[in-house]
Amino acid sequence: MRGSRADPGAKPSSAAAEEDDVVRVANQPIMIRLKHVVFGAVGLPVVILLGAWIGFFNVGASSGHWKVTAWFLQLAMRSAVRTYALAVDAPKTLDSRGLPAAAGHFARGCAICHGEPGELRSPAVMRMLPQPPDLALTVGDWTDAQLFRIVKHGIRFTGMPAWPARDRDDEVWAMVAFLRELPKLDANGFRELALDGSQPTAPAALADCTRCHGGNGEGRGGLVPALAGQKEAYLLASLQAYARGDRTSGFMALPVTGVDPSDLAALARHFAALPPSPVDPDRASAEVIGRGRQIAEAGIPERNVPACSGCHIGSDKNPLYPRLDGQHAAYLERQLKLFRSETRGGTRFWRIMATAAQRLTDDDITAVSAFFSKRSEAPQ
Amino acid sequence: MSANTGLLVGCAFWFLAKGSCWAAAEELGHQRTEVVKPPIASVSLAAPQFSNVAAPQDPPGGGLSLFLRNGCGACHTIRGTDAHGTIGPDLSHLGSRTAIGAGILPNTEEAIARFIARPDLLKPGVKMPAFDMLPQIEIRMIARYLKALQ
């Protein structure tokens, strides 16, 4: 800066006067800059607020963002996802058992914005700002943890919604596993995974259910429960619990919203009347199943685990205590872990079950689930 | 004029600050509501709704069948019945005891019913879950049956 050369004491007087001028001239811009700063700090917010109040800023989406705004928003979004994903603990391998449920949810909850294989999207969605990307093309840009973060929390100011149930990370991981499959799916592959070739004759509400629960109520994939032959009162009370939010599941939140209460009753009746579907091919060893039977019939007295049979076996039990026979082992395990961590609500009886599950270890849960999934209604 | 400017500036700052407060509050709020558990009160309020389904088509000795049907037998034994549980005390001769709940309550039908509905209120840390979602009349019938066990 020129002003810094001024050193009056060391120069002849005429030169000093000249230098003095220089200093004054050099100082002036600084004064003005200070004024700028003050004006900026106080005035600019006022001007912006005034501009917004008058309606100066165009919030129309037709013309898109300015290049610089679009660049900044993308930068902020990507950086935030990258940073927040550092705290996410990703499993080493993604569990593929939840794929049918995740695909079924994608078809109804995500495809409307992101499109699905072999379907053209509505022109209205293509004009959203920002435009929802075709995920088959973009998932490769993200790690599992980053996808988890996006799907669980959504993206502010873009329309990208958060997961409908906040305490169900297991479901979000199922969706991440599905997003990884998405680029490999063509229209047929997607329809098979997501829609189970739904019967076109079924009423709309029922067709929605069979996407995940199957045309015979058998439950597609290990993590969607079989409904066929389940107690009607329990099915209805569970549907009401999902609708009220007393039992949280992102997969079930969408299907029960907007369904008429009398339709829920009809759906419960429909599934309860279906014959129980054949049990899973058994993969557990006889030893594990034997241990499961022990827990089911006698409990684990030394750890205060009650006998499951006291509530779950026999036709004379409370109609709100569900049948477990022939249910998918993976589903039973998942539910028991949710009860144990008190993240599964349910009917007004759920607390009893939470007490019963409190002291089960992971091994107990595997064993007892294997036992019930192999058991059939006929007394053994 | 200057008062107006001051007001506007104030508004501007308030607006900016408030925005970030909202963001923070939103995050916090989400964390707090993470586990959705129906409060006990609403659970018991919902009770009558299903009483037609859950209503017993019982034989006259309905107390025992209600006892078994609601799963009390998973934790309690009553000799000569299907109740073989071992987590809670043997109730085979409950009626002849002088006190219940490990001695904290007098042995009356009324006290037994209160214990079944909310054991946690009477005895903090108890391992028996509350059964106050059962219709009051069913709890009464079970209590009457238990009191009669000599």
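**Reading the labels**

Mentor: Let us begin with A:Glu302, which counts as exposed because its relative accessibility is 67%, where exposed means over 50% relative accessible area, buried means under 20%, and partly exposed lies in between (1.4 Å probe, protein chains only). Keep in mind that this is a predicted model, in which local features need pLDDT of at least 70 and side-chain atom pairs count only at pLDDT 80 or more, while totals for chains, interfaces and linings use all residues. Residues are numbered from 1 along each chain as its sequence is written, chains are lettered from A and ligands numbered from 1 in the order in which they are written, and side-chain values use heavy atoms, with hydrogens and water left out.

Trainee: Where is the place of A:Glu302 in chain A?

Mentor: A:Glu302 is in the loop between α14 (286-298) and α15 (309-312) of chain A, where helices (H or I, at least four residues) and strands (E, at least two) are DSSP runs, numbered from the N terminus.

Trainee: What makes A:Arg303 and A:Asp364 a salt bridge?

Mentor: A salt bridge is a side-chain nitrogen of Lys or Arg within 4 Å of a carboxyl oxygen of Asp or Glu, and the side chains of A:Arg303 and A:Asp364 meet at 2.7 Å, N to O, so the pair qualifies. This pair links distant parts of the chain, since A:Arg303 is in the loop between α14 and α15 of chain A and A:Asp364 is in helix α18 (residues 362-374) of chain A, 61 residues apart.

Trainee: Why is A:Asp364 called buried?

Mentor: The relative accessible area of A:Asp364 is 2%, so A:Asp364 counts as buried, whereas A:Arg303, at 28% relative accessibility, counts as partly exposed.

Trainee: How do you know which parts of chain A are domain 1 and domain 2?

Mentor: The bounds come from an automatic or database domain assignment, which gives domain 1 (69-193) and domain 2 (286-374) of chain A. The contact between them, meaning heavy atoms within 4.5 Å, takes five residues from domain 1 of chain A and four residues from domain 2 of chain A.

Trainee: What is the area buried between domain 1 of chain A and domain 2 of chain A?

Mentor: It is about 400 Å², of which carbon and sulfur atoms give 47%; buried area is the accessible area (1.4 Å probe) that two parts lose on being put together, summed over both.

Trainee: How many salt bridges does the rule find across the interface of domain 1 of chain A and domain 2 of chain A?

Mentor: The rule finds one salt bridge across that interface. A:Arg334 forms a salt bridge with A:Asp170, and their closest N and O atoms are 3.0 Å apart, so the pair falls within the limit.

Trainee: Which residues of helix α5 of chain B are buried?

Mentor: In helix α5 (residues 109-117) of chain B they are B:Ala111, B:Ile112, B:Ala113, B:Phe115, B:Ile116 and B:Ala117, and these buried residues pack against β1 (99-100), β2 (105-106), α6 (119-122) and α7 (136-147) of chain B.
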